[in-house]
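Dear colleague,

I am passing on the structure below, and after it I set out what was found. Please read the notes beside the coordinates.

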Amino acid sequence: MNAIEIKNLSKNFKDKQAVCGLNMTVPLGSIYGFIGENGSGKSTTEKIICGLLIPSGGTIKLFGKDYCDIDVRSKIGVLIESPGCYQNYSVWNNLMLQAENLSIPDAKKEVGRVLKMVRMEGSASNKFKNCSLGMKQRIGIAMALLGKPRLLVLDEPINGLDADGMRIMREILIDITKAKTCSVLISSHILGELEKIATHYGIIRHGKMIEEMTAEELDSHCRTYVSVKSSNLDELKRWLNKKYVDVKQSEDSIRIYDDINPEDVVVYLYQHEILVQEIKTEKIGLEEYYIDLMNRKVTK
Amino acid sequence: MENDNRLQFESPSFYHRIKGMLGVDFYRLFHTPLFYIFLCIAAIIPAMVLGSTGDADGANLYDNTWLMVAANTPLYVVNNIGEYANMNMVFIFGGVMVSIFIGHDYKSGYVKQLFTTHAKKQDYMISKTVTGAFSMACMCITYLLGTIVAGLLIRADMNVNVGSLILAIISKMVMSLGWASLYTLLNIIFRRYFGISIASSFFLGTGILVIGAAAIFSNSPILNIFLYGASVYACLSSTFLTFLVCLLVSLAWSFIYNLLGTIILNRSDVY
């Protein structure tokens, strides 16, 4: 059984097709990083899963049940864009109201628990409207965590969070998925941060899933390369192209994707009187893989 | 497979769902200045109308205090807006209040938080209708208090058939349920447009459009099957039958409007 299983999902807004034939599988206990450009259909897909938008076609199953089933819906925590809170109410009252909506028996204890999780115990009496953007996001996460959900759907939850907030968020997500009783669908443009926690990835473009993979698969896709810097990049590239097959220029360095020893490169360049300023071995991260994938799709 | 066994989901009962939602709505109602402002408005209106002069001689618009609550006989077609100036006005101002109350759900994004949980669209309609009806019923009470105080101050005639007066007041309070469901439906239809929601409640509620439309039927009791007609039917000559008619009409329309609202919410994007 999967936490989310989407088949052939589509959503039309008048003459615009936001999602077309999307397939997606979020395994139980996974942290699923949902990546795509602005307007690619991420938020629309998440809003459909959460029941805010009606799909034009396709099927969605949550834990093997229809996504509209209220049994399942009672165990979903959501943060879509920003938390839906009353501006003039305190943080505590906003969370208590949501706890009331969720029919949580010991609401005060539960609200205290989630506030502690997001390190906001000291700000419980603050009015929501007086909270900073980062604090509001933390409140949104606390709200999503109410009632120990089995599935968290988080749309851009890291936006506005400071370094400490991101660390807390990371710890919470890793912690709640450790026992495999909670699954997380998270979309973000901060890919470096996503890479630290995600166990699975889905890349969406123009409303279609173009690639789904596990963190291990991503790791195997991400090649290592040797990055070389010199004062004369053109000359450097010319000489490297003569010896190596896969050589590409980045912003301020030349990358060699061949399986080579950096020391050999230094010796080779020294022989041709090219002064190396910096040389290091690096690995392509999620961000570069994603950009590369997008570029490949555009070229195709 | 071990994980699958642990995935047991409890089905929240209707009682638990509606209790939670009503709890939130009533908390909001009692903690918003809007509610108290409208209670005050409802209390001030009768004093303003009763104290105002109706003609050039300086005579009061109404010589009997209780005409501020209801007309002597059902006035389906009003010749001037003054004839409509009784407790029915609560339903107009109540409509504006319900619109602002529901509009805040969408403005704050609360609905987003609500509809992503186990909340059913039907529960939402019921909860808003009940809260709206309660607030309008409270406005009827403050309106009555305002009428009594104003009547005593200007020493207007207080003679009335007490039984009919009580039945008229209770009947109008019962009508709050039907009106609240209509305003809830209008706000669901125009949920993305806050201003239009308020305007529609004002004009399509007991506002000018409905009063004008009643003229087509003339002074016909057939109008009693509508919210407007039944509200007017509750007058100072009310009997127990009047109360029954109001109760049935109010319940029937609130059922119809709630059903329509639920269908609209189920078939359209919420947020």
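In the helix pairing across the two chains, Leu97(A), Glu100(A) and Asn101(A) of α3(A) meet Gly20(B), Met21(B), Gly23(B), Val24(B) and Tyr27(B) of α2(B), where two residues are in contact if their C-beta atoms, placed from the backbone, lie within 7 Å. The residues of this contact divide into four nonpolar, three polar and one charged; here Ala, Val, Leu, Ile, Met, Phe, Trp, Tyr, Cys and Pro count as nonpolar, Asp, Glu, Lys and Arg as charged, and the others, Gly among them, as polar.

Please keep in mind that this is a predicted model, in which local features need pLDDT of at least 70 and side-chain atom pairs count only at pLDDT 80 or more, while totals for chains, interfaces and linings use all residues. Residues are numbered from 1 along each chain as its sequence is written, and chains are lettered from A and ligands numbered from 1 in the order in which they are written.

As for the geometry of that pairing, helix α3 of chain A (residues 91–101) packs against α2(B) at an angle of about 150 degrees, with the axes 7 Å apart; axes are lines fitted to C-alpha atoms, for helices over the stretch in contact, and angles run from 0 to 180 degrees between N-to-C directions. The helices α3(A) and α2(B) are therefore roughly antiparallel to each other, a term used for angles over 145 degrees. Helices (H or I, at least four residues) and strands (E, at least two) are DSSP runs, numbered from the N terminus.

Taking the interface as a whole, 33 residues of chain B are in contact with 33 residues of chain A. On the side of chain B that touches chain A, the elements giving two or more residues are α1 (2–6), α2 (14–30) and α5 (110–115) of chain B, and the largest share, seven residues, comes from α2(B). By class, that side of chain B has 13 nonpolar, 12 polar and eight charged residues.

Turning to the chains themselves, chain A has 11 helices and 14 strands, whereas chain B has 11 helices and zero strands. Buried residues make up 43% of the 300 residues in chain A and 47% of the 271 residues of chain B; a residue is buried if 20 or more other C-beta atoms lie within 10 Å of its own, exposed if 12 or fewer, and partly exposed in between. The domain assignment of chain A, which is automatic or taken from a database, gives domain 1 (2–220) and domain 2 (223–283), and the C-alpha centres of these domains lie 43 Å apart.

Glu273(A), in the loop between α10 (262–271) and β14 (276–283) of chain A, has a positive phi of about 60 degrees although it is not a glycine, and Glu273(A) is exposed, with 8 other C-beta atoms within 10 Å. Arg155(B), in the loop between α6 and α7 of chain B, has a positive phi near 55 degrees and is likewise not a glycine; with 8 C-beta neighbours inside 10 Å, Arg155(B) counts as exposed. Most residues other than glycine have a negative phi. Finally, Asn161(B), in the loop between α6 (121–153) and α7 (162–189) of chain B, is partly exposed, with 13 other C-beta atoms within 10 Å.

With best regards

Definitions and conventions
Angles under 35 degrees count as roughly parallel, over 145 as roughly antiparallel, 65 to 115 as roughly perpendicular and the rest as oblique.
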